[in-house]
Amino acid sequence: MKLDGNYSEVAEFVLLGFRTSPKLQILLFLAFFVIYVVTIAGNVSMIIVIKTDSRLQTPMYFFLRNLSYLDLCYSTVIAPKALVNFLTEERKISYNGCATQFFFFAVFVTTEGFLLAVMAFDRFSAICFPLLYPVRMSQKVCVQLVTGSYACGSINAIVQTGFTFTLRFYEENRLDHFFCDVSALIKISCGDTVVNEMVLFCLSAVIILTTTTVILVSYAYILSTVLRIPSTRGRRRTLSTCGSHVAVVSLFYGTVFFMYGQPGAISSPEQSKIVGVFYTLVIPMLNPLIYSLRNRDVKDAVKRIACGKWPLQ
C-alpha cells in the first residue's frame, strides 16, 4: 500500500458483485457457470468447424472464426474471477490484476466492435461487387482488416487504462460491480473525474459512430442492390447471408451504446451490472448459436463433421 501524505493508496479492490443472500449467490454461480460453459463449447466448436471444413474457407467465415475467438477471450477475462467470487467472502482482486482485466476486456470488446464493421463491409463487397469480391477481399486484405481491428482495440485500451489508472484511489476500495468496469472505478476514485468521463464518452462516441456508420452505409448499399434483384427467391437468398450478422450487431451495439455511448450512462451501478452480464456473458454465448442456427453453410458443415464426411483442407 503506497502512502501519499495522510492517505494510503489501495493495493487491491473488493468486487462487491451482486449483493444477495448466500442461497441466491449459489444460483447465480450455477447460472454464470452454465452460460460460460455453453460459451466455451459454442465458440470453440465454431472455430473448429470453420477451421476444419474446406468449404468454409472464405472471407466471411474467416471473420466469423475471429469473432468466435474474441467472444471466447473477453468472456474468459471476466467469467472465471466472477465465478470464484460467488463462492468466497473476500472477493478481492489486486490493483495490477484489476488493471490487467480492465485492459484486456477493453482490447477484446473494442476489437469486436471494429470486426463487426469489417464483417458488414465484407457482405457489402460480396453482394454489391461480386465480380471484384475475390480481389477486394483477398486473404492479405482480410488479415490486414483483422489486424487493424486489433490495433484500434489496443489503442483504445491503452488510452482508457492509462486515464483510468492514473486516478487516485484512497481508502475506499470497494467496486460496486462483478468486474473492474470503468464506471465503478471512476465512482470510487478521489479528485475530479470530469476529464476521465469526457475521455470515456468521446472515445466511445468516436468508436460507436465510426463503426455504426460503416455498418449502416454497407447495409444501405446492400438493400439497394437487393431491391434490384427481380425474383423474390433471389432477394431472400441474398439477404439470408446477412441475417445472422444483423442480429449479432443489434445485440452488441444496443448494449454497448446503452452502457457507454451516452452522457450519464455510468450513473447506475445496478443497471450497469445487469447490462454487464448481458454483454460479457450472454452475447458471447448467443453469437455462435445465432450463426449456427441461421446459417445453412455452418449447419451443413456441422452435419458433415457429425457424420465423419467433412471435406478436409
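**Close-up views of a predicted model**

**View 1. Glutamate 12 sits in strand β3, which covers residues 12–15.** Helices (H or I, at least four residues) and strands (E, at least two) are DSSP runs, numbered from the N terminus. This is a predicted model, in which local features need pLDDT of at least 70 and side-chain atom pairs count only at pLDDT 80 or more, while totals for chains, interfaces and linings use all residues. Residues are numbered from 1 along each chain as its sequence is written, and side-chain values use heavy atoms, with hydrogens and water left out. Glutamate 12 has a relative accessibility of 30%, so it counts as partly exposed (buried means under 20% relative accessible area, exposed over 50%, partly exposed in between, with a 1.4 Å probe and protein chains only). Setting aside residues up to four places away in sequence, glutamate 12 touches Lys92, Ile93, Ser94, Tyr95 and Asn173; contact means heavy atoms within 4.5 Å. Glycine 97 is 85 residues from glutamate 12 in sequence, yet their C-alpha atoms are 8.4 Å apart in space.

**View 2. Arginine 91 is in the loop between α2 and β4 (92–94).** Have a look at the backbone here: arginine 91 is not a glycine, yet its phi is positive, at about 55 degrees. With a relative accessibility of 16%, arginine 91 counts as buried.

**View 3. Helix α2 (residues 59–86) packs against α5 at an angle of about 25 degrees, with the axes 10 Å apart.** That angle makes α2 roughly parallel to α5. Angles under 35 degrees count as roughly parallel, over 145 as roughly antiparallel, 65 to 115 as roughly perpendicular and the rest as oblique. The axes are lines fitted to C-alpha atoms, for helices over the stretch in contact, and angles run from 0 to 180 degrees between N-to-C directions. From α2 come Pro59, Phe62, Phe63, Asn66, Tyr69 and Leu70, and they meet Cys142, Val143, Leu145, Val146 and Tyr150 of α5. By class, the contact of α2 with α5 has 10 nonpolar residues, one polar and no charged (Ala, Val, Leu, Ile, Met, Phe, Trp, Tyr, Cys and Pro count as nonpolar, Asp, Glu, Lys and Arg as charged, and the others, Gly among them, as polar).

**View 4. Helices α5 (residues 139–164) and α7 (residues 194–227) pack at about 165 degrees, their axes 10 Å apart.** This makes α5 roughly antiparallel to α7. On the α5 side you will find Asn156, Val159, Gln160, Phe163 and Thr164, in contact with Val195, Asn196, Val199, Leu200, Leu203 and Ile207 of α7. Seven nonpolar and four polar residues make up the contact of α5 with α7, with no charged ones.

**View 5. Asparagine 196 belongs to helix α7.** Its relative accessible area is 10%, so asparagine 196 is buried. Apart from neighbours within four places in sequence, asparagine 196 is in contact with Phe163, Thr164, Leu167 and Ile186.

**View 6. Stepping back, the protein chain has 10 helices and five strands.** Along its principal axes the C-alpha trace spans about 75 × 40 × 30 Å. Of the 313 residues in the protein chain, 49% are buried. Among contacts between residues at least 6 apart in sequence, 79% join residues at least 24 apart.
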